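Let's take a friendly look at how side chains pack together in a protein model. Have the sequence and the 3D view ready.

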Amino acid sequence: MNSSLVDDDSSKTLNSQFASRSAFRVVIETLVHFAIVVVGTLGNSLVIWIVFKNKNSAKLANLFIGALAVSDFLILVLTGWTFLSTLVLGTWPFSDFVCQYQGFTGFGLACASLFLITQTSINRYFKVVCTKHYRSIYTPKRTKAIIIGTTLLSFLGPSQYLANGGRYIFHSGKYYCFQKFELTASTSWYLYGIFVPTAVITFCYYKIFRTIRLHQSRIKAMRQNAGSIIGPNVEDIKATRTLFLTVVGFLCCWTPVIVIDIVDFARIPSSHSRSSPTDVQQFSTLPRELYVLYTLLATLSSSINPFIYGAMNNQFRQEYRKVLCVGRATRSTEVEVIRTTTNPI
């Protein structure tokens with residue numbers, strides 16, 4: 001038997017539900033996930049291209065945007081094919097090694113996205129609140145080092161989990177490989193890796209918007225008294241609001257995910273009541289539909305940022321238009337050539 005599969009009674013229920021889905025449900029679930037993966041892959045590719053094209057720009061925030069796009073792109077490309085395959089087949093068709101690969105990569109890159117968003121919040125905090133320290137802390141070289149260090153740190157949790165003998169187990173409700181639901185030193189990283197960054201993000205943006213509100217009040221007073229004032233400029237404020245929306249989008253997708261995981265953790269039986277090692281894997285504590293929503297939202301979180309940038313950031317919006325206009329211009333030229341060829345004057 002594949003060691004990445006679990007055969008306790010609760011998991012057998014989910015396995016049966018997953019394998020016995022109607023053809024209609026298989027098609028709908030697969031197409032929806034496939035569309036999100038494709039759109040997210042193309043959108044993040046475009047963001048990466050725009051950031052690379054403008055790599056000489058003085059806007060260090062673009063480095064964080066590019067790093068987040070790379071993280072989202074990789075999680076879709078490196079793990080998307082595995083859960084799409086299971087959606088089509090209704091079972092885990094791969095080896096235990098692929099399950100460990102998917103769990104390690106997916107968890108590490110998800111942490112990378114959250115940690116990069118946290119670093120972006122800290123960057124905005126210094127840019128708007130502690131302006132005088134910003135230039136001394138965020139040089140291009142140091143910013144790149146922060147991004148690389150943050151990415152490496154995000155893989156500490158899954159690396160520690162595997163090094164301590166933990167195994168990722170295929171969850172047929174989420175059609176993904178996850179850690180065993182045990183409250184150990186290794187799995188506690190999952191909790192710390194979520195709540196600590198969330199607290200940092202909340203603090204940073206509270207201080208940021210408080211500073212912006214005070215700054216706007218001072219501007220009104222300045223206009224009345226014809227004085228001068230130093231503070232965040234309009235461009236900084238717009239960039240901060242755009243990046244804040246990426247936080248909102250991330251949290252909207254991941255809050256239900258976290259709630260579902262907390263419920264599952266809370267239903268783990270105490271250590272003294274376990275009758276066997278598999279008793280800790282109470283996978284089917286919730287209806288399968290909630291677990292489908294779980295993976296759908298987690299995947300969506302890697303696909304929505306390009307839309308946020310397009311809606312809120314003028315630079316990205318202009319670049320999007322250039323790409324789309326080039327595509328339309330190319331098609332128009334091809335049509336004109338065909339018309340000229342078929343209907344010569």
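How many aromatic pairs does the structure hold? There are 22 of them, where rings of Phe, Tyr and Trp (its six-membered ring) pair if their centres lie within 6.5 Å. This is a predicted model, in which local features need pLDDT of at least 70, side-chain atom pairs count only at pLDDT 80 or more, and totals for chains, interfaces and linings use all residues. Residues are numbered from 1 along each chain as its sequence is written, and side-chain values use heavy atoms, leaving out hydrogens and water.

**Aromatic rings**
- Phe-250 and Trp-254 are stacked, because their ring centres are 5.7 Å apart and their planes meet at 20° (stacked means planes under 30 degrees apart, edge-to-face over 60, and tilted the rest).
- Phe-250 is buried, at 8% relative accessible area, and Trp-254 is buried too, at 16% (buried is under 20% relative accessible area, exposed over 50%, partly exposed in between, with a 1.4 Å probe and protein chains only).
- Ring pairs also join residues into a cluster that includes Phe-18, Trp-81, Phe-178 and Tyr-294.

**A charge over two rings**
- Lys-174 lies over the face of Phe-178, 4.4 Å from the ring centre (the rule asks for NZ of Lys or CZ of Arg within 6 Å of the ring centre and within 35 degrees of the ring normal).
- The charged end of Lys-174 also sits over the ring of Tyr-294, 4.0 Å from its centre.

**Around Val-47**
- Leaving aside residues up to four places away in sequence, Val-47 touches Ile-65, Ala-69, Pro-306, Tyr-309, Phe-316 and Tyr-320 (contact means heavy atoms within 4.5 Å).
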